[in-house]
Each structure stands twice: as C-alpha cells, then as structure tokens.
Amino acid sequence: MSTFSSILPIEGPRAANWSPVDPAPQIEPPLPCRSLSVYGSAMPKAPSSASSSTVRMVATRIRQDVLAMEDGAFLGSEDELVVRYGVSRPTLRQAATILGQEQLLVSRRGVGGGYFARIPDTRGVAQSAAVYLLAHHTSMEEVIAAVAPIKAELAILACRCTDETLKEEMVAFAEQPLPDEVAYDYFLRSERTFARILGPMSGNGVLALFLNILYDFCSRVQPENDVYRHQPGRRKSYTEARTGMVKAIIAADEEIAAVYAKRCANMVAKWMIADHAANTPKKADGSTPTLSKGPDSIKLMLEPPIA
C-alpha cells in the first residue's frame, strides 16, 4: 500500500525546554449519573456546579488573554496568575489544563518558569480526526478524494489574492529552478513551502485548515507506504504539475489553476491504488482487495506491520 505523505505538518515554534501543562483532573459540567474517577478506589461526589463554573470562567479569561498575545509570550507565574484571576491554585491549574488541551498554553518549570501563550497548530486536530476516521472505517482512498476539491478551491481563491507580498512570495517560489532529479528531501521542503504560501493566499482559513488536517493525517504513514520516497519519477511528475498550478495562480487563471490542482491529487490517488494492487496479497479468488472498501486500510497505512 501507499498514500499521500508529501506534506508534513507545519510545526510552530516551541522552546526546547517547554513541556505540556502538568496533568490535573479536568472539571466538567456535572451530568446525571456521572462522577469523576480519582486515584484509589473511592469515588467522591462530582464537583459542584459552582466550582465547575469557576474553572470554566477562569479558563475563558485566560483563553481571551492568550489569544491576544504572541506565540511564546509570558503570561505569568502561577503566583501571579492566582492573584490576577482571583482564584485558588487548584482552580488555576484545572483551568490551565483545559487550555493546555486546547494547545493554547504551555508551562515551564524552574527559574523564570510559569505559563506561556501558544499558537495551536493542526497536529492535535489531525490526531482527533485520525481516531474518528479509524473508528468509522474510512479508507485512504476517501481521504485522498477529499484533497482534490479542497486544493482546487484553494487554488481558485489564491488566483483572487490582492496581497502583493503574498503574490511576490509565490512568484519567488515559481522562479526556483527545477532540478533534473527531484530529491526526496528537496521535494518535501518545496511542497511544505508551497502549502505555507497557498493557504494565506486563498484567504480562507477554514479550507486551509481542512487541507492541513488531511495532509497531517496522511503524513503519519510508515515510510514503506510513501508513494514518493523511492520514486524520483513520481516526484518530478508531481512537481511539474504543481508548477503548472503555481503559474496559473500567478496569472490569475482560476480554471487552469483548478485543473492542475485536481491533476496533482488525481496522480497521487492513481499511484496509491497502483502500489496497493502491487503490494497487497491476493484474495482466495485471485482478486486484489479494493482500497476503498478495506476497513483496515487507514490502520495499515498508519501503523507498522507486526513481525
């Protein structure tokens, strides 16, 4: 099998000594017949609505403050935040845990430690999406099929971009010489660069997020399932088609840009199906299991085979 792993998740800046917010029990609104498990065998009563409401209120205030800050900005030490928000230390930690799960807050221990703002990326969303797709037995063919219309619409919207800085970035990208043999690392870097320009040029953050989720999800495949890793001819063909899309975007030709965008996605789908047919054991009747109907197709793509 193989799949579309050409684009890696865009990684946001993050200091090496930062760590996720320390785990703490998350307080949720009380539901009928529901309690929170804790360490040990005892099962205490669920927290009161007042305490849950306080945690949610503090989380909302912190969220508003963080969203107004730059990535990595210092929010404050624990002592400072307890005073600023007028809550107890346990309440602050529970609220911070919620923000940590939303990828909006990180903590750093030691001298100069405290809580720091974080700009979330698509990786957390992609992980949740991967679990959902696995649970619903979605095939990799369906994932790839979703890429074509999204990428085509992004290309169309990028043709309408009026931001001169972004347009200049796309022109500079197009002017980079195409090597005779497109090396794997070069291919990944160029595709990542193109994705970073295309999203802002489209002006549609929602579509860009959807495409990044699909890319992030597909980038989790094992190396042996990568349609590009040992295929220089495929990398060159894809790059040439992408160059056609880039030139159409620069020329503001929406129709041609959409054609090339779909061509890129369709090439990958064709390669994926061909590799699947070549590498998948035949059924008892001699036929090859179809990629679209294999309930374990995503799992097999994402997880290494068990020896």
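Okay, let's start with Phe187: at 0% relative accessibility this residue counts as buried (buried means under 20% relative accessible area, exposed over 50%, partly exposed in between, with a 1.4 Å probe and protein chains only). Quick caveat: this is a predicted model, so local features need pLDDT of at least 70 and side-chain atom pairs count only at pLDDT 80 or more, while totals for chains, interfaces and linings use all residues. Residues are numbered from 1 along each chain as its sequence is written, and side-chain values use heavy atoms, with hydrogens and water left out.

So, aromatics. There are six aromatic pairs in the structure; rings of Phe, Tyr and Trp (its six-membered ring) pair if their centres lie within 6.5 Å, with planes under 30 degrees apart called stacked, over 60 edge-to-face and the rest tilted. Phe187 and Tyr228 have ring centres 4.6 Å apart and planes at 50°, so that pair is tilted. Phe187 sits in helix α7 (residues 184-202) and Tyr228 in the loop between α8 (205-218) and α9 (232-250), so the pair ties together parts 41 residues apart in sequence. Helices here are DSSP runs of H or I, at least four residues, and strands are runs of E, at least two, numbered from the N terminus.

Tyr228 is buried too, with a relative accessible area of 0%. What geometry does the pair of Tyr228 and Trp271 have? That one is edge-to-face, 5.9 Å centre to centre with 85° between the planes. Trp271 belongs to helix α10 (residues 254-279), so this pair ties together parts 43 residues apart in sequence. Zooming out, ring pairs link Phe187, Tyr228, Tyr238 and Trp271 into a cluster.
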